[in-house]
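Thank you for making time this morning. I would like to walk you slowly through one model, and I ask you to keep the picture in view while I talk.

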Amino acid sequence: MSAIANTIFSPELAARFDKLVTIYPLKRSALVPMLLYAQDEVGYVSDAVVAEIAQRLDLLELDVRNVLSYYSMLRTKPAGKYNVQVCTNISCMLRGGFELLDHCKHTLGIGHKETTEDGLFSLEEVECIGACCWAPAAQVNYDFHDELTPAKMDAVLDTYRAREKK
Amino acid sequence: MPTLVSHPDEVKVLSKRFGLGATNIDRYVELDGYKATQQAIEQGPEWIINTMKASGLRGRGGAGFPTGMKWSFVPKVSEKPKYVLINGDESEPGTCKDHLIFLNDPHAIIEGAMIAGLAIGAKTGFIYLRGEYRYLLNIMEKAVADAYAKGFLGKNIFGHEGVDFDIITQTGAGAYEVGEESALMESLEGKRGVPRIRPPFPAVVGLYGGPTVINNAETIANVPHILLMGGEAYAKLGTERNGGTRLFGISGHVERPGVYELPMGYSLRKAIYDVAGGIRGGKQLKAVVPGGSSCPVLRADEIDVGLDFDQLAKAGTMLGSGGIVVLDETVSIVEFALRTIRFYQHESCGWCIPCREGTDWIKKTLTRFHAGGGNKKDIDNIQYIAENMLGRTFCPLGDAAAMPILGFIKKFRPEFEEYLAGARVANPLIQIQPVGEHELAGAH
Amino acid sequence: MPDVTLTVDGQKITAPAGTLLLEACKSHGIEIPAFCYYPGLSLQAACRMCVVRIEKMPKLQTACTTPVTAGMVVITDSPEIAQARKATLQLLLGNHPLDCPVCDAGGECELQDMTFKYGAADSFYTEPKNHREEQKWSPVVYFDRPRCILCYRCVRMCGEGMDIFALGIQNRGSSSVIAPNIPAQLSGVVENGVELAQLDCEQCGMCIDACPVGALTSGTYRYKTRPWEMNHVATVCTHCGDGCKTTLGVRSVSDGSQILRGDNRDKSGMNGDFLCNKGRYAFDFANNVERLTSPLVRHSDGTLKPVSWEEALTFAGTKLRDLRQQRGPNSIGVIGSNRTTNEENYLLQKFARTVIGTNNIDHHRTADFVTLATALQGTTGKFASQRDVEKAPALLLVGGDPTNQAPLTAWNIRTNVRLNKARLYVANHEEIKLRRQAKAFVQVAQFGYGAFVESLGADNDFSNAVRAEEQLIVIIGNELRGGELANLIKALPNAKFALLADYANSRGASDMGVLPDVLPGYQSLQGSTIASEYGAADAPGLDLLAMFDAAAAGNLSALYVVGSNPVKRFGIDPTALKSTFLIVQDLFLTETAALADVVFPAANLYEKSGSVTNSYGDLQLVSKAADKAGTRSDFELIVRLADHLGHDIKSLVPFGSQAKGLRADQGQTRGAESGEADRHAVWITANNLEPKLSPFDPFAILDEIQRLVPGYDKLLRLQLLSGNDQHIAPASSGLVQIENRKDLVLPSSDTLFTSGSLTRYSPMLQDVQRHQTTEVSGHLTSAD
């Protein structure tokens, strides 16, 4: 039973949030993780997510929005089920990051921060993801894919497509 | 999975458990795990701090502050609880060393945090990982749970009455600026990652107002090894005032990119040509960014320098985070500079004017310059803006943006001038969003 | 903190250790520029304009965050520093729209001033500026994003100062933006096809005042004029009893001079930085087209028709004189105002008592000042001033809701708690907003204040803490009056007290004796100096409600109402007045004025001079700011009406070289016969003052007030004329406890967005009420 009546989250996530607010010296510390975990479940940080998190942490909704708009992984609009994030920062750029991004644009038929019509993929050009020595790298949601080439990228995308067909 | 590399010149202290399955707590214990913690509990805070001071370990996040000294600044008595905060917000372009530590040796970080806690009298440690490192956070969380299950964390650790330590793991959500220690505390407190005014320094007023020690993940992972081998022995591995070894991530145009643990003071030339196998495809070296993207660039003729804080400072650049980015002759410095400033413009928190506006105007000017619409005055303007950011911003991010830009212009000015004459052309794939509407997306 | 000595620009200066360098320099005349620094608000170090060179420091340091230390050597101006500031300005101007010629802040803009000083006029950017349309966030707050320099003053003012937190910072880097608390997608307010973010707040406009540039502008002022085309007059706000100064910007128009702006640029008042919604914007009633601009007389056909002043005054004066002769002075009643000046109030009661000859005078009472004065009789220094609220180490708030009823009091309490860690104790029947600042809160039953007062003597945490306070200020809402009020005062013998009333001169109306049972200064009708000078009746007159009862019974021949709308306020049946000759002077044809036989169009508080006394007893000068053709001040109208009654004006207003004032002896004693000097003339001479030359000069009456009214005798003219506030406490002795006094206090129940009968004449207040109830309330309910 969640601490919040009529929670918009799944029972598992609601229970996790109930616990999360108790582990810190100040419960507001749970804000950034909660936003990210809520996004993982809901797909984006919706107005309803903002409202419930504000309620859980005794914050003004404005406080939540101030924080949420600061962090680049948080989004307020839905994205594809698989968010393809291609790094083009210096180390990746030197080893073909831009070409990889361009390849994704063509194969997926979408641009930066756009989503495929079937809602399966969205594409994002991102800053350094901490895989510089295994460049060029990309993340699909939270999965890292290293030392990519256009061909390897196609294979990666195919594994996600295949997951859907099952 | 990131490829693990190795080279005979490596001196494996921190990385010695990499690839040996040390994420498993039993395996970790077999590999001398949690011995240092027990030793630390028995010997006490003074011994820990003295050992750390003797080791000459300097902060691996980039600033290079001596770790033992940092710990000794924490007041012995405090009304508010003290905290240990491990900075795993690794975000400096060119840097992926902490990535490997979290992946291969999470217990070393737990141990290091506990030892830091014992040294300063803290009972709670936070391990903050950048949001993108979710799979590493999962590894870290499992390690913490395993340690609790074994009684290595929690109350009366190893049966010592009153020796308690808790660890809370935390995720970020995408912000380079949060790697700055005071912004990290703000983020952990659930706020925007904007740095704090200092003084007071975190050692006196930090997390939740309590004295706080903040260490980089690599720094803290060294701690158990240092206690086991002795401070002096560790110090001897490196150079004077630069104790030990460190993880160098060599990326870019080299044959064998990877993270190598080399002694402090190791030759940059050898690191590129021997350790990383030289320039890929037999090309010529053009430039090196020696310690992550904020460090001023070195030209090919400047690489006969030892990799430690002092030698690189003398060479007019920095050791930074140890991320060595190697550029071959094909690289357009204009393009590289643009990609660099674009990053800082994106990551500036916006708090202070010189950084917020300076990064934006340099990016705008370089974008046009790169696209072929530049003129000679732009080069001076970029330099003028960067010079006027340097030392004037609220936190080091402004410097981190200005320094590489000044480096590129200082070391490669002719290339900027030749660019105007058409010597190189724009990379059409670098599509910077048009200035205006898109840049203002967000709240409204 | 001990003082330390440091060197700034070669000059040795001394300041308490820990003072911020910027403040220390400022107090020695060394100005260090800053955008983000704002006294009293948290430090930001964000604008980097205040950078200075401090010896032994590798980088330039921000003076706004550096505390002074002994021996510090500082340079605040050098080519290096000037260059740093210039570069910062150049960066700001890169995106700043430079629409100064049309910007509201043009001429008053800190960015303009800095650019002028540091010469950052040359631009080297070729990229287009980021443009955004300006947005209406509420009827009174507009936001022009490109002009914003992100100093965060507004955010802090709203959060730290107002405790509202309606403004935030969103996005990051160069996309950072100030955002209001209702995002566009939730506001439902569409303009030009775009959803607009909205502000749900107290609409005080403090964010606009704090804004150093023209990013936040006022909905009522924007694009109306330029600052240099106005005269700026600092005067006292007419709306509540707190006594804030508002700086009115006025401009000449064809029928006088019109108020275009209210703000707090002056900052010389006891409100310091503060001004609320009404103080800032609700001057607009003065410009309402419904203002009366001609005297009206009821014609035989039953309608009110405009007539000349002479005709109206002659008619009213003659009629009053006849009625007094025919039916006696006690058949006539006079009702005064909460918003007229002390001089007018004094004059009006003197008119009633000496021209008409009756004690039938009253006003709409909003707090029981009579009980306060009598309960504190025999003590000294026990009346709290507004300034005490800002500084006292401990405060007890019993009843009342200052946030809504006395916003400056609320601001001062918050500021005191925030900056001085004052201890606030709150006892209230509602969970008022100030509870958030309270150290302790006691819930009182709605009519349970008597029980609360009794509990103060009991052994409980709250009462023990309150009693242990040695320097306590007790601020009392108008829930407490009569016996309960007296008991509260008795229960806390070491405290200082203040009573919250509703309008600009509610306290003044009481102090000036606009009451049927006491004379000015709460003096007795029998035997006091004033009583003997007046020679008026010594029996109490009819109170306000009794007058209407008398009218209904056919016993009130005439009623003279000045600046008040009792018919509406007290719900009087209009037929009660059908056989009463009614004279009303007011701004508008109110419910009361609509019943009158004669209506005089009056000036409001912003159109006259004089003084007012706030709830706390702080006396301040009122300066004439605006002018409306066709109106007269209440002061002038009272004098002229007395003249048309055939009264000797010199005995009403002591003026001219023959100023006589009223003689105590009225010529009956030997002293007068033997040529005893006139008391007023003696007082004038003794106080080095000149007799006033005009019967319409309020200062002529102020002379008499100062001569006769205990408490007001202490006021210093230089202080008054300098615009400073002075705390007035009623006489400490000689007051008579009136037994079984009727409780006629009727709290006005005004909110942040109402001001009695003026509410409906203020389009701004109407607009803001609509905004708060319709545009933003939907959001709040949906969020629950």
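Predicted model: local features only at pLDDT ≥ 70, side-chain atom pairs only at ≥ 80, totals over all residues.

Chain A brings 10 residues to the contact, and chain C brings 17 residues. Together the two chains bury about 1,000 Å², and carbon and sulfur atoms give 52% of that area. How many salt bridges does the rule find across the interface of chain A and chain C? The number is 0. On the side of chain A that touches chain C, the largest share, 4 residues, comes from helix 4 of chain A, which covers residues 61-68. Sorted by class, that side of chain A has 4 nonpolar, 3 polar and 3 charged residues.

Now please turn to the contact between chain A and chain B. Here 47 residues of chain A touch 69 residues of chain B, and the area buried between these two chains is about 4,700 Å², with 59% of it given by carbon and sulfur atoms. Within chain A, the residues that lose the most area to chain B are Tyr70(A), Leu94(A) and Trp134(A), which together make up 16% of what that side buries.

Side chains of opposite charge can pair when their charged atoms come close. Between chain A and chain B the rule finds 3 salt bridges, and one of the salt bridges in the model joins Arg342(B) to Glu125(A), with the closest N and O atoms 2.6 Å apart. The count of residue pairs in polar contact between chain A and chain B, again with both at pLDDT 80 or more, is 26. Several elements of chain A give two or more residues to this side, among them helix 5 (90-94), helix 6 (97-108) and strand 3 (121-126). The largest share, 6 residues, comes from helix 2 of chain A. By class, the side of chain A that touches chain B has 27 nonpolar, 10 polar and 10 charged residues.

As for chain A itself, its secondary structure comes to 7 helices and 5 strands, which from the N terminus on run α-α-α-α-β-α-α-β-β-β-β-α. Its C-alpha atoms fill a box of roughly 50 × 35 × 25 Å, taken along the principal axes.

Let us move to chain C and its sheets. One open sheet in chain C has 7 strands in the order 17-16-27-26-25-18-19, with mixed pairing. Its edge strands are strand 17 (304-306) and strand 19 (361-362) of chain C, each of which pairs on one side only. Inside this sheet, strand 26 (residues 581-586) and strand 27 (residues 598-601) of chain C pair in the parallel sense over 4 bridges, and Gln585(C) has Phe600(C), in strand 27 of chain C, as its bridge partner. Helix 8 of chain C, residues 309-327, packs on the sheet, and its direction makes about 130 degrees with that of strand 27 of chain C.

Another open sheet in chain C is built from 3 strands in the order 28-29-31, with antiparallel pairing. Why do strand 28 and strand 31 of chain C have one side left without a neighbour in the sheet? Strand 28 (610-613) and strand 31 (726-727) of chain C stand at the edges with a single partner strand each, so one side of each has no neighbour there. Strand 28 of chain C is joined to strand 29 (residues 618-622) of chain C by 4 bridges, and Val612(C) stands opposite Gln620(C) in strand 29 of chain C. Helix 9 (residues 342-356) of chain C packs on this sheet, touching strand 28 and strand 29 of chain C.

Pro200(B) lies in the loop between helix 8 and strand 4 of chain B.

Notes: Residues numbered from 1 in each chain as written. Chains lettered and ligands numbered in written order. Heavy atoms only, no water. Contact = heavy atoms within 4.5 Å. Buried area = accessible area lost by both parts, 1.4 Å probe. Salt bridge = Lys/Arg side-chain N within 4 Å of Asp/Glu carboxyl O. Nonpolar A, V, L, I, M, F, W, Y, C, P; charged D, E, K, R; others polar. Pairing = 2+ DSSP bridges. Axes fitted to C-alpha atoms, helices over the stretch in contact; angles between N-to-C directions. Polar contact = N/O pair within 3.5 Å; in protein donor to acceptor, adjacent residues only side chain to side chain.
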